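Subject: Structure handover

Hello,

Here is the structure we talked about. My notes follow below it.

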Amino acid sequence: MKIVKVEAIPFAIPYAKPLKFASGEVHTADHVLVRVHTDEGLIGTAEAPPRPYTYGETQESIVAVIGKIFAPQILGMTPLEREAVHARLDRTIGNPTAKAAIDMALWDILGKAAQMPVSGLLGGYTDRMRVSHMVGFAPADQMVAEAERIRDTYGITTFKVKVGRRPYGDDVAACRALRQALGPDVELYIDGNRGWTASESARALREMSDLGLTFAEELCPADDVLGRRWLVAQSTVPFIADESATRAAEVTRELLGGSATAISIKTARTGFTASQRVLHACEGLGVEVVMGNQIDGQIGTLCTVTFGAAHRTSARYAGELSNFLDMTDDLLTEPLTIESGTLRIREGAGLGIDIDPDKLARYRQDR
């Protein structure tokens, strides 16, 4: 079975409500649908979400690098040659979500060829994950109203709260309002997207010390090396490295350097193959992980829950699996559903991604 074609199809679907955070905001899911075709008729599918404010990729750059560089390099190879595929992709630096989408599409092909779900091939630990919902910047009362609606509608009881605004006291007040409204049994953790300095982060954490936070993520830039280490050393909650530790080598560096004590794994940037390397590195070092979200649509979310549910360590905490709720539509023929605060993997061979051709025709941007 050989790879004979790789498609990179740009599409755009508006968000009903934009997500705002310290490093940017998103109004439209201008993603890229990636399809890898084989000579036996099997097609692997995944999604690449450009995040220029985090990784430098744009929709146009993803389409270009796949079409002009990556596809010609892997045509004629087999989906089993994942290491050889990555060796060729890694000749080009950067472009993490483009590489990740190709990787996950290859796993989709392998699952279909074996007539097994990809989650089973990866590890098969469980068939679902608890869901964490991301609450973006808004006035405190609106953030509370959103969290209450999500809890009451979907049964979600874990919330990731975006922080990093100035003055930092506004975010402290919002987190306090959320805790007071949602009660002690709901899990809260914060994500600063590098918006504060180390000293602002330390003051904010002290003022929120009574809120029972589960994690704190990327409160200040990792490039503030000594400040970040100083902050992490005094934090009483696990400090998650996200965009500062996207590869196994970076994970090792940040953890051993004292700049983080937990790691966010995002299949949108490391696919399944490199995500396993990150996960196993974390297990070997004895640190916790969470399954993060790249503001994914339903395709990306399905990939995240597939990987997260496959492994014991990644299934321990709620995964960030609900951002697609803010989109006005999606490409799947069968939409994902969150029930009782959980999201299940798809049964059947591969990833279970079935694209609606009419929706793709409506939202694609290359025609």
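In these notes, buried means under 20% relative accessible area, exposed means over 50%, and partly exposed is in between, with a 1.4 Å probe and protein chains only. Ala29 has 0% relative accessibility, so Ala29 counts as buried.

Two points on sources. The model is predicted, so local features need pLDDT of at least 70, side-chain atom pairs count only at pLDDT 80 or more, and totals for chains, interfaces and linings use all residues. Residues are numbered from 1 along each chain as its sequence is written, and side-chain values use heavy atoms, with hydrogens and water left out.

**Ala29**

Ala29 sits in strand E2 (residues 24–38). Helices (H or I, at least four residues) and strands (E, at least two) are DSSP runs, numbered from the N terminus. Leaving out residues up to four places away in sequence, Ala29 touches Phe11, Ala12, Ile13, Tyr15 and Met327. Contact means heavy atoms within 4.5 Å. The C-alpha atom of Ala29 is 25 Å from that of Tyr189, and the two residues are 160 residues apart along the chain.

**Domains**

The protein is divided into domain 1 (3–115 + 356–363) and domain 2 (120–344). These bounds come from an automatic or database domain assignment. The C-alpha centres of domain 1 and domain 2 are 23 Å apart. Across the boundary, 38 residues of domain 1 are in contact with 40 residues of domain 2.

**Pocket and cavities**

First, the terms. On a 1 Å grid over the protein atoms alone, a cavity is a set of points where a 1.4 Å probe fits but cannot get out. A pocket is an open set with protein on both sides within 12 Å along at least five of seven lines. Lining residues have an atom within 4 Å of a point. Grid points are joined across faces, edges and corners, and a volume is the space filled by probe spheres set on the points.

The largest pocket has a volume of about 560 Å³. Its lining has 22 residues, and Asp90, Pro96, Thr246, Arg247 and Arg269 lie nearest the centre. The elements giving two or more residues to this lining are helix H3 (96–114), helix H9 (248–256), helix H10 (267–270) and helix H11 (273–285). Domain 1 and domain 2 each supply at least three lining residues of the largest pocket. By class, the lining of the largest pocket has eight nonpolar, five polar and nine charged residues. Here Ala, Val, Leu, Ile, Met, Phe, Trp, Tyr, Cys and Pro count as nonpolar, Asp, Glu, Lys and Arg as charged, and the others, Gly among them, as polar.

There are three cavities of 30 Å³ or more. The largest cavity has a volume of about 150 Å³. Where does the largest cavity lie relative to domain 1 and domain 2? Both domains give residues to its lining, so the largest cavity lies between them. That lining has 19 residues, with Lys162, Asn193, Lys266, Asn293 and Gln294 nearest the centre. The residues divide into six nonpolar, five polar and eight charged.

**Aromatic pairs**

The structure holds six aromatic pairs. Rings of Phe, Tyr and Trp (its six-membered ring) pair if their centres lie within 6.5 Å; planes under 30 degrees apart count as stacked, over 60 as edge-to-face and the rest as tilted.

Trp107 and Phe272 are edge-to-face, at 6.4 Å centre to centre and 75° between the planes. Trp107 lies in helix H3 and Phe272 in the loop between H10 and H11, so the pair ties together parts 165 residues apart in sequence. Both residues are buried. Ring pairs also link Trp107, Phe272 and Phe307 into a cluster.

**Backbone points to check by eye**

The peptide bond from Arg166 to Pro167 is cis, with omega near 0°. Pro167 is in the loop between E5 and H6.

Asn95 is not a glycine, yet its phi is positive, about 55°. Asn95 is in the loop between helix H2 (82–89) and H3, and is buried at 15% relative accessibility. Ile295 also has a positive phi, near 55°. Ile295 lies in the loop between strand E10 (288–291) and helix H12 (298–310), and is buried with a relative accessible area of 6%.

Best wishes
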